[in-house]
Amino acid sequence: MFRKIFVNGLLLALTFTFGIGHAAPEKMSATEAHKMAKHVQQEALHAWRDYKQFAWGHDALKPLSQKPHDWYGKSLLMTPVDALDTLLIVGLKTEAKEAQELIATELNFDQDLNVQNFEITIRLLGGLLSAYQLTNDVRLLALADDLGARLLPVFNSPTGLPYTHVNLKTGKVSGKVSNPAETGTLLLEFGMLSKLTNKAIYYDKAKQALSATFQRRSTIGLVGSAINVETGAWENSNSHIGGGIDSYYEYLYKCWRLFGDQDCKNMWETSIASVNQYLADEVNGGLWYGHADMNSGKRSNTHYGALDAFMPALLVLSDDLPRAKRLQDSGMRMWRIHSIEPESLDYASMQVTSAGYPLRPEIVESAYYLYRATNDDRYRLMGKELFEDFVKYCRHETGYAALKDVRDKSKEDSMESFVFAETFKYYYLLFAPKTALDFDNVTFNTEAHPLRWRR
Ligand code: DMJ
């Protein structure tokens with residue numbers, strides 16, 4: 001009888017302490033973390049070997065058809081450049097060396113291609129600069145300088161807001177309707193190039209583009225989702241923190257963190273106050289960030305998705321741990337509906353509104369930042385759950401494949417280069433010893449390329 005009461009009492013106490021069904025303490029041993037890091041490294045190697053076998057020298061691997069893919073018809077080595085710093089960080093030295101030599105000897109920007117400034121900046125310019133800082137290979141810096149010079153014409157608009165596209169050979173620009181992510185996610189890369197080459201123009205042009213975006217915020221401090229770079233007029237007033245705007249906020253804070261630029265800090269503080277006032281949303285006890293009209297602040301929809309999931313990481317960096325933790329918990333709720341997060345979810349009804357999963361990293365990026373800030377194993381356990389689902393549903397016999405639909409887990413013939421630059425890197429860093437990367441002294445660009453500058 002006594003035994004029964006004692007056991008029941010113990011069970012009750014455990015239930016209150018850890019929650020029903022979660023009786024295990026939230027701990028991950030150093031041995032298990034080491035095993036996880038090793039597992040991530042092996043999976044990155046699996047994806048890299050298949051890129052090498054079926055798409056070597058091309059922008060990307062199509063994992064289902066085992067065919068190469070080049071974004072613009074000719075290769076700009078998108079996957080090797082995006083992957084190089086990750087290969088170094090996860091300790092795949094031979095693979096890193098092969099990628100480095102391929103880039104240094106084959107990458108040629110003197111090509112008649114109309115490229116998207118934003119993607120080329122965050123993946124190639126960011127990747128080259130970060131790899132240069134990790135290897136001291138001056139050939140990589142020379143490539144970055146050549147690329148930077150070819151991209152510069154984008155800033156020649158009447159407002160200083162960049163055109164979306166530029167021809168790498170002729171400098172001809174196109175694309176006058178852009179968005180805050182594309183106009184405002186350039187300063188980390190151009191700024192670092194400026195510091196490393198002593199060419200002020202790179203910093204000045206990218207900073208002017210960021211400031212010009214900020215100056216056009218509404219009277220309540222929000223930005224919209226489409227802006228005309230020739231007139232500076234907004235063409236879409238829908239405001240949110242997701243794709244097309246996301247990394248604009250990220251760079252407002254990070255250009256302060258990396259370069260100590262006080263203007264950036266001021267712009268960030270003004271902006272985040274409005275974001276928290278008008279976009280943050282409380283639903284059923286959970287914190288989310290939804291959409292609202294940039295002028296009236298009126299809620300336009302309750303959508304949150306895989307791209308929005310970068311926000312907890314940014315909140316951690318900018319010292320708002322309470323919101324960061326709550327938002328990450330919401331992200332996990334989104335992930336757990338189908339054991340892989342969708343591109344977009346209506347958080348009011350918890351219905352999927354866009355069902356793809358292109359192997360995005362943002363939710364694990366946030367788990368990594370939260371772990372760094374709190375040392376709480378809860379975030380490593382979160383990462384373990386995410387990684388196990390990721391391997392279970394996205395690993396293919398050739399590389400990793402995006403999901404067409406997270407509900408039925410059907411695959412798509414695509415493996416974006418950011419799976420190397422970001423997804424594998426953040427998973428690895430979450431489980432690896434802290435010495436794997438000097439987190440406090442680097443700032444990741446939006447493609448997870450760590451950059452370092454002493455102020
Ligand atoms: C990456 O290319 C960058 O992180 C960008 O800012 C948006 N997201 C993709 C990966 O999801």
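Modeller: Two strands pair if DSSP finds at least two bridges between them, and strands here are DSSP runs of E with at least two residues, while helices are runs of H or I with at least four, both numbered from the N terminus. Keep in mind that this is a predicted model, where local features need pLDDT of at least 70, side-chain atom pairs count only at pLDDT 80 or more, and totals for chains, interfaces and linings use all residues. Residues are numbered from 1 along each chain as its sequence is written, and side-chain values use heavy atoms, leaving out hydrogens and water.

Now the hairpin. Strand β15 (residues 344-346) runs antiparallel to strand β16 (residues 351-354), and three bridges join the two. Across the pair, D346 faces Q351 of β16. Four residues sit between the strands, and in this hairpin M350 has a positive phi near 60°.

Next, have a look at helix α16. This helix covers residues 418-431, 14 residues in total, and spans 19 Å from first C-alpha to last, close to the expected 20 Å (1.5 Å times one less than the number of residues). There's a bend of about 30° at K425, taken as the angle between axes fitted to the seven residues ending there and the seven starting there. Since 14 of its 14 residues are buried, α16 is largely enclosed by the rest of the structure; buried means under 20% relative accessible area, exposed over 50%, and partly exposed in between, with a 1.4 Å probe and protein chains only.

Then there are the charged side chains. A salt bridge puts a side-chain nitrogen of Lys or Arg within 4 Å of a carboxyl oxygen of Asp or Glu, and by that rule there are 28 of them. Take E282 and R326, whose side chains meet at 2.8 Å, N to O.

D320 pairs with R323 at 2.7 Å between the closest N and O atoms. Here D320 is buried at 16%, whereas R323 is partly exposed at 32%. Further along, D405 and R407 form a salt bridge at 3.0 Å, with D405 buried at 16% and R407 partly exposed at 46%. Finally, D110, D146, R150 and K169 are joined in a salt-bridge network.
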